[in-house]
Amino acid sequence: MLTLKNDYLTVQINALGAELTSVKDNQSYLEYMWQADKAYWGRHAPFLFPIVGRLQDNQYRVNGTTYQMTQHGFARDRQFTVAAQTDTTVTLTLAVDDQSRTKYPFDFELAITYTLRDHELAVVATVTNQGTQEMPFSFGAHPGFNLPLGDANLDFTDYNVRVAPKQVYQRVPLVGPYSDTQHSVPLDLTKPLVLDHDLFDHDAQVLTLDNRETTVMISTPKNDHGVALTVAAPYLGIWSPYPKQAPFVCLEPWWGLADDVQATGDLDTKVAIHHLAAGQRFDASYQITYF
């Protein structure tokens, strides 16, 4: 386990999946990150690459060849290499190999850099196309946060989600595990969204952000603890498993979506896919503040 530490927070990261597993306050020992209880959800904060969400029939085609890939891709289950580390920053990398080529026929490198500054953890993901052909891909993050925070007497429903800028957002519905991008619906976030498990009876609440810088904060009026995630991404998912009464919620910046209900199976035309030219790189970043 890799450790970053400053005067305020101690952060732990697993080289398996480059996954953030713990963020603790140094004074109170409050644990902010979900601790992967398999009774609810056995992960902490996986990275989603080279797809976000589910493919129809768990497969896709490239140049007429069909490949199998399960939900959210393979990076979350692969061992990353530590490329550089200090007391407050670490970079981990995952590169193409024979195993990845059986699922994804492209020469990629994925680098994840964590930087701890005061009460903030900054995350930068860099995807590099090391091949000679254009590379289609998606990327996402899936951090889960404990609820309640700092008071065991509080309940999930004591918390709310506030979004800045305050406005009415377009929400992408999910039909089963698939995106229904043709039938987006408005979600009024001019006021706080009170958390309730029934919010997730049709899976995640998927907001369209249109790459505008947006801050999403989970907090309660009953104490001073919470988290805030700031990102400029195309989409952001808010999720907790249903019908389980799980004591956590995820804030998920996405540069991609699950297959559309009308998907053809062709990766090149997959909804919200990115195309990276040979030799080029793509950067995605977000910051999480813990309070």
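## A cluster of rings

Welcome to this structure: ring pairs join F49, F74, Y104, F106, F108, F137 and F282 into a cluster. Here, rings of Phe, Tyr and Trp (its six-membered ring) pair if their centres lie within 6.5 Å; planes under 30 degrees apart count as stacked, over 60 as edge-to-face and the rest as tilted. By this rule there are 20 aromatic pairs. One of them is W34 with F248, a stacked pair at 4.3 Å centre to centre, with 25 degrees between the planes. This pair links distant parts of the chain, 214 residues apart: W34 sits in the loop between β3 (19-25) and β4 (47-48), and F248 belongs to strand β24 (residues 248-255). Both W34 and F248 are buried.

## How to read the model

This is a predicted model: local features need pLDDT of at least 70, side-chain atom pairs count only at pLDDT 80 or more, and totals for chains, interfaces and linings use all residues. Residues are numbered from 1 along each chain as its sequence is written, and side-chain values use heavy atoms, with hydrogens and water left out.

Strands (E, at least two residues) and helices (H or I, at least four) are DSSP runs, numbered from the N terminus. Buried means under 20% relative accessible area, exposed over 50%, and partly exposed in between (1.4 Å probe, protein chains only).

## The open sheet

Nine strands make an open sheet with antiparallel pairing, in the order β7-β8-β9-β10-β26-β22-β21-β14-β19. At the edges are β7 (81-85) and β19 (193-194), each of which pairs on one side only. Two strands pair if DSSP finds at least two bridges between them.

Let us look at β10 (residues 120-129), where eight of the ten residues are buried. Strand β9 (residues 108-117) pairs with β10 over ten antiparallel bridges, and L110 has V127 in β10 as its bridge partner. The two strands form a hairpin with two residues between them, and D118 in the turn has a positive phi of about 50 degrees. Strand β26 (residues 281-290) runs antiparallel to β10, joined by nine bridges; there V127 stands opposite F282.

Elsewhere in the sheet, β14 (residues 160-164) and β21 (residues 214-219) pair antiparallel over five bridges, with A164 opposite T215.

## A buried proline

P234 lies in the loop between β22 (227-231) and β23 (235-239). P234 counts as buried because its relative accessibility is 14%. Leaving aside neighbours within four places in sequence, P234 is in contact (heavy atoms within 4.5 Å) with L207, T208, L209, D210, N211, W254 and W255. From P234 to D210 the C-alpha to C-alpha distance is 4.6 Å, although they are 24 residues apart in sequence.
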